[in-house]
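Walk through this structure with me, one feature at a time. We begin with a strand pairing and end at the chain interface.

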Amino acid sequence: MKILREEEDVSAGVAAIKTLLTVIENYKVSTVRELDLNLQLAVDAMRHCDQPVTAISSGCELFMRFITFAKLDTKSFEECEKIMLQRGNIFLDKLLEARGKVAKQALSFICDGCKILTHSRSRVVLQAMIEAIKANKRFEVFITVSAPDNSGEVMHKQLVAAGVDATLILDSAVGYVMEQVDIVMIGAEGVTESGGIINKIGTYSLGIAALELKKPVYVLTESFKFSRIYPLNQMDLPKEFKYLSNTLKSGKDLSKQHPLVDYTPPSYITLLFTDLGILTPSAVSDELIKLYL
Amino acid sequence: MKYLILISFIAFQGTEKMVDAENYLVQPEKPFTATQRRRIRRNRLRFAKTDCVDILCTINKIQNKTKNNPEQGHIAVIENNKQEYKVEDALRSVVIKDFDESILQKMSSNEIPPKSRDEIKAARQAKKAAKLKVNNKTTENPQLTKEIENLNENNINSKPKVESTDEVDKSVVINPNAVDISTSREQIKADRAAKKSAKQLKKKGAADGESNVQSSVKKELKEDDSVKQNEDMTVKDVVETLKNIVSVAKEVNEITTKVSALDLGGKKQEETGKSKAELRAERRAKQEAQRAAKQAAEQKVVKPKLEAPTVNVDVPKKEEKVIKSKTLEKSKTKLQLAQRFNWFQHLYTEFDKNPLKKIPINSNLHPAIVKLGVQLSSRVVKGSNARCIALLDALNKMVRDYVLPAKTEFSRGLESHLASSLEFLWTTREPCASQINAVKFFRHHLAQLPNNVDEFDAKKTLQEEIDRYIREQIEMAGEAISIAVRNKISNGDTILTYGCSSLIEQILCEAWEAGLQFRTLVVGSRVSPDAAEMLRRLCARGLPCTYVDFTAVNYVMKTVSKVVLGAGALLANGAVVSAAGTAGVALAARARNRPVLVACHTHKFIDSLYTDAFMHNQIGDPDDLLEKSDDNSPLKDWRSNLNLTPLNLTYDVTPPCLITAVVTELAILPCTSAPVVLRFKLSEYGV
C-alpha cells in the first residue's frame with residue numbers, strides 16, 4: 001500500500017484512493033461486509049502514516065460513498081465487487097481529470113502582467129500556472145518559503161523549470177509584498193463545510209493580509225477534498241489534521257508542537273475553483289449536501 | 001298573560017334542535033326590520049353598563065344551543081361584560097332552583113318545532129312585554145326578548161309533542177362529542193339536584209320567590225347547558241315560570257345595581273356588533289354553564305342574592321383586572337389607539353388576554369382547540385417546540401373526534417373544519433414558524449388522502465402522520481442536534497445562552513450528563529421571565545450556571561468561549577428569528593470573535609425573508625415592561641398619557657453575518673445554506 005505513496009507526482013489523496021482500489025482488487029473477500037472492513041482498515045492505516053491526513057480522509061470517505069452507492073443493487077458478491085471496482089476506477093479517473101479542469105478555469109483569471117502570490121507547494125496551482133504559460137500569458141509569481149518543511153522552495157524550483165517568473169519570499173514578508181500583488185492563488189488540503197479551507201500553516205495570515213488590502217483570494221482545489229467538518233475556530237480543528245500521526249502517537253505535549261495546517265474561515269476567501277465549477281464559499285455546503293446526502 | 005305563558009314555554013324548551021346558527025336570535029321566518037335593529041342598537045348603547053340581563057341571556061343561551069357542541073351551545077348574545085359572568089353565577093346559584101324544577105319539568109324535547117304565524121305573533125308580543133318589564137337591562141335585552149320569542153314559539157309547538165319526542169330527543173341529544181357526554185352527565189346530575197331543590201323552594205312560597213326565581217332561572221340555564229333536559233311541561237308550570245321570569249327581571253335589576261360597582265367600564269359599545277356581543281355572551285355562557293354545573297349540587301338558595309355577588313367577586317377578580325385593563329383599552333377611541341402605535345400599526349392587535357370571546361356563535365370547535373387557544377393566549381404554552389407539539393396534539397384530537405357530515409368528502413370536510421379551528425387559534429396568538437410548517441404538513445397529507453377513503457382509515461393515517469412528524473422532526477431531530485453540538489463543546493468551555501429554549505436545555509443537560517465539564521452563562525432580560533426559568537431548569541440538573549442580565553453581556557463576553565442560541569425560525573437568507581435580545585447577544589459575541597452557534601430543527605426553516613424585526617413581529621403585553629414591584633413607577637399610568645406607549649416586542653431578527661453556524665439534524669451548516677435545506681426537505685418530504 002505504502003509503495004504508491006512514493007510517487008511524487010501524485011498527491012496524497014489520489015495515492016490513497018489508488019491504494020483503496022488495489023485493496024479491492026487484491027484482497028479477495030467473500031462478503032461485502034468484509035470488504036468494507038478491509039477498506040476501513042486501509043483508510044485507518046493510511047491515516048497513521050506520515051503524510052498529511054486531510055486530503056486522505058476526505059478522499060477516502062468520498063470514495064467509499066461513491067462505490068457503495070451501487071452496492072445494494074446487485075445480488076452476487078462478485079458482481080458487486082466488479083461494480084465497485086468499476087466505480088472506483090471512474091472515481092479515480094475523475095480525480096485525475098479534476099486537476100486539469102481546475103487549471104483551465106483558473107486560466108481566465110490570470111491576466112497579462114498580473115502578479116500572483118501563492119503559498120507553499122500545490123500541484124493544482126502549479127498546473128494552472130503551467131497552463132497559463134502555455135497560453136502565452138505573462139505574469140509574475142511570489143512564492144512563500146513556508147517553513148518548517150520549506151515546500152515552497154520545491155514549488156519555486158518547479159515554477160522556474162516551467163518558465164514562470166517566480167520569486168521566493170519569506171513567510172513573514174507576506175504583509176510587505178501584499179500591496180504589490182494583484183491576486184492570491186492558493187491550493188487547499190481540505191475544504192470544510194463552512195466554505196473555509198484547511199491548508200498549510202500560514203494560509204490564515206495570508207488571508208487576513210489579503211482581506212485587509214482588498215486583494216481577491218482564489219482557492220484551487222479538487223472536489224474530493226470537500227469534507228464535512230465544520231471548525232468554529234483554530235482550536236476546533238481535529239488533532240489528526242494538525243499534527244502528524246507520529247507526533248500524536250509519541251504522546252508529546254501538543255500545545256508545544258507546531259501544527260501543520262491552519263483553518264482559513266470563509267470570509268477571507270473570494271472564490272473556489274473546483275472541478276464542480278467556480279463556487280463561492282457559501283455554495284460549498286450546497287455542493288457538499290449534494291455529494292453526501 | 002297568555003303570552004307570558006307562551007314565553008315561558010318557549011323559554012324552557014330543550015333547545016338543541018331549535019336553532020340554526022344564523023337565525024339564532026331571530027325567528028327564522030322574520031328577520032328584524034331596520035327600525036327594530038335601530039332600536040336594539042340604541043338600547044344596547046343605553047344599557048351598556050348593566051348586567052342584569054345575564055339571566056335572561058343565559059336563558060337565551062340555553063335555549064339557543066347549536067347542534068353539535070352543547071358546551072358551546074350557550075352562545076348567547078350577551079355583551080361582553082365580564083361581570084356578567086359573576087352575575088350569572090350569582091343568579092344561577094341563587095335563583096334558579098325554584099325555577100329549575102318547574103321549568104325543567106316543563107321542558108319538552110329539544111326539538112325546534114316549525115314556527116307558525118301564531119307563534120311568531122306570540123313571540124313578538126312576548127318580546128314587547130319583556131322589553132317593557134326590563135328597564136335597566138343591558139343590551140342583551142332585545143336579544144333576550146328574541147330568545148323569549150323563540151322560546152315562545154318552541155313552547156307552543158313543542159307542547160303537543162312533549163311526550164312523543166322525548167325519547168327521540170334523548171337519543172339525539174346524546175349523540176355528539178363523547179367529550180361532552182361525560183360532562184353533560186355530571187351536569188344532568190347537577191341539574192337534577194338543582195331541580196329538586198328548586199321544587200322544594202318553590203313550595204316554600206313567595207317569600208323566597210324572587211330569589212328562587214333567579215336561582216331557578218339559573219338552574220334552568222344550567223340544565224339547558226347540559227342539553228339533556230327532557231322534562232315535561234305543564235301549563236301550570238309554564239305560568240309559574242313566566243311569573244318567575246318577571247320577578248327575575250326585577251331581581252336582575254337589583255343585582256345589577258350591586259354588581260355595577262364591580263363593573264369597571266364601558267363595554268365597547270361602539271364596536272359591538274351583534275357578533276361580538278354574541279361572542280362574548282357565548283363565551284360567558286359557556287363559562288357560566290361550567291361554573292354553574294359545578295356549583296349546582298352544592299349551593300342552596302339561602303341568601304342567594306347577597307352571597308352570589310360576593311362569591312363571584314372573589315373568583316373572577318383576576319379576570320376583572322384583566323377585564324379592567326382591557327375595557328379601559330377598549331374604551332379608547334380607535335383614533336387614540338392608532339396614535340399610540342404609529343410604527344407598529346400593522347402589528348398592533350389589542351393585547352387580548354381572553355380569547356374565548358372570539359369564538360363565533362355556532363362554532364363547533366373542538367374543546368382541545370379552544371383549550372389550546374386559551375393556553376396560547378395566556379402564554380402558558382410558549383416556546384416554538386412546545387407550541388408546535390401542542391398544536392399537533394390538538395389537531396390529533398380534532399381528527400379523532402371529527403364527525404363527518406353526510407355526503408361530504410372526508411378531506412374537504414376536515415379541511416374546512418381545520419380552517420375554522422385555525423382561524424380561531426391564530427387570533428389567540430399569531431402562529432410561529434414551527435406551527436405554520438406543521439399545519440402545512442398536515443394539510444399536505446390531508447390533501448393526499450384518496451377520494452374514496454374510508455373515514456376510519458383516513459383518521460388513522462392522519463394520526464399516524466402527526467405522530468411520525470412529532471417523533472421524527474422534533475424528538476429525533478432534537479437528539480441529533482444535541483449530539484452535534486456536544487461534539488463542539490470541549491472541556492473547560494464557558495457556554496453562553498440567551499433566554500429559554502427547550503432544545504438548548506436538552507443539549508446542555510445531555511452534554512453535562514455525558515461527562516463534559518463546562519460552565520454555563522444564562523443571559524436574561526428583566527422583561528421576560530424565560531431566562532430565569534432556563535436557569536432554574538439547568539440548576540435542577542446540576543449544571544454550574546450563572547445568570548447575567550442583558551446589560552452585562554458585553555462585559556462577560558471575554559470569559560465566554562462559545563455562544564449557543566435557540567431559534568424560533570430560520571429565514572431563507574439565513575437570518576434567525578428568536579426572542580428579543582438574541583441579536584444583541586450575537587452582536588456582542590461577534591465583537592469579541594466568539595463563535596455563535598444556532599441550534600434549530602429543520603421544521604423551523606421557513607421560506608419567507610425579511611431583514612428586520614419590524615416587518616413581522618408580535619406585540620407582547622405592554623404591562624410587562626413595568627417594574628412590578630415599584631409602586632411609584634412613572635410608567636404606572638401610561639394609559640392615561642397619550643404620549644407614552646410601552647412597546648414590548650416579542651421577536652427580533654439576527655442577521656446571518658453575526659452567526660457562525662446553524663446546527664440542524666442534517667448537518668452543521670453555514671447560515672446561508674438555509675435554502676439548501678428547504679430544497680432538500682421539499683424533495684424528501686414533499687412539503
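In which sense do β5(B) and strand β6 of chain B pair, and over how many bridges? The two pair in the antiparallel sense, over two bridges, with β6 spanning residues 576–579. Two strands count as paired if DSSP finds at least two bridges between them. Strands themselves are DSSP runs (E, at least two residues), as helices are (H or I, at least four), numbered from the N terminus.

A note on conventions. This is a predicted model, where local features need pLDDT of at least 70 and side-chain atom pairs count only at pLDDT 80 or more, while totals for chains, interfaces and linings use all residues. Residues are numbered from 1 along each chain as its sequence is written, chains are lettered from A and ligands numbered from 1 in the order in which they are written, and side-chain values use heavy atoms, leaving out hydrogens and water.

Back to the sheet. In β6(B), Val576(B) is the bridge partner of Leu570(B). Three strands of chain B make up an open sheet, ordered β5-β6-β8, with antiparallel pairing. β5 (569–570) and β8 (651–654) of chain B stand at the edges with a single partner strand each, so one side of each lacks a neighbour in the sheet.

Next, the rings. Eight aromatic pairs occur over all chains. Rings of Phe, Tyr and Trp (its six-membered ring) pair if their centres lie within 6.5 Å; planes under 30 degrees apart count as stacked, over 60 as edge-to-face and the rest as tilted. Tyr204(A) and Tyr268(A) have ring centres 5.7 Å apart and planes at 80°, so this pair is edge-to-face. Tyr204(A) lies in helix α8 (residues 203–212) of chain A, and Tyr268(A) in the loop between β8 (261–264) and β9 (271–274) of chain A, so the pair ties together parts 64 residues apart in sequence. Tyr268(A) is buried, at 18% relative accessible area. Tyr204(A) is partly exposed, at 24%. Buried means under 20%, exposed over 50%, and partly exposed in between (1.4 Å probe, protein chains only). Elsewhere, Phe109(A), Tyr218(A) and Phe273(A) form one aromatic cluster.

Chain A has 11 helices and 10 strands. Of its 293 residues, 53% count as buried.

Finally, the interface. Here 16 residues of chain B are in contact (heavy atoms within 4.5 Å) with 14 residues of chain A.
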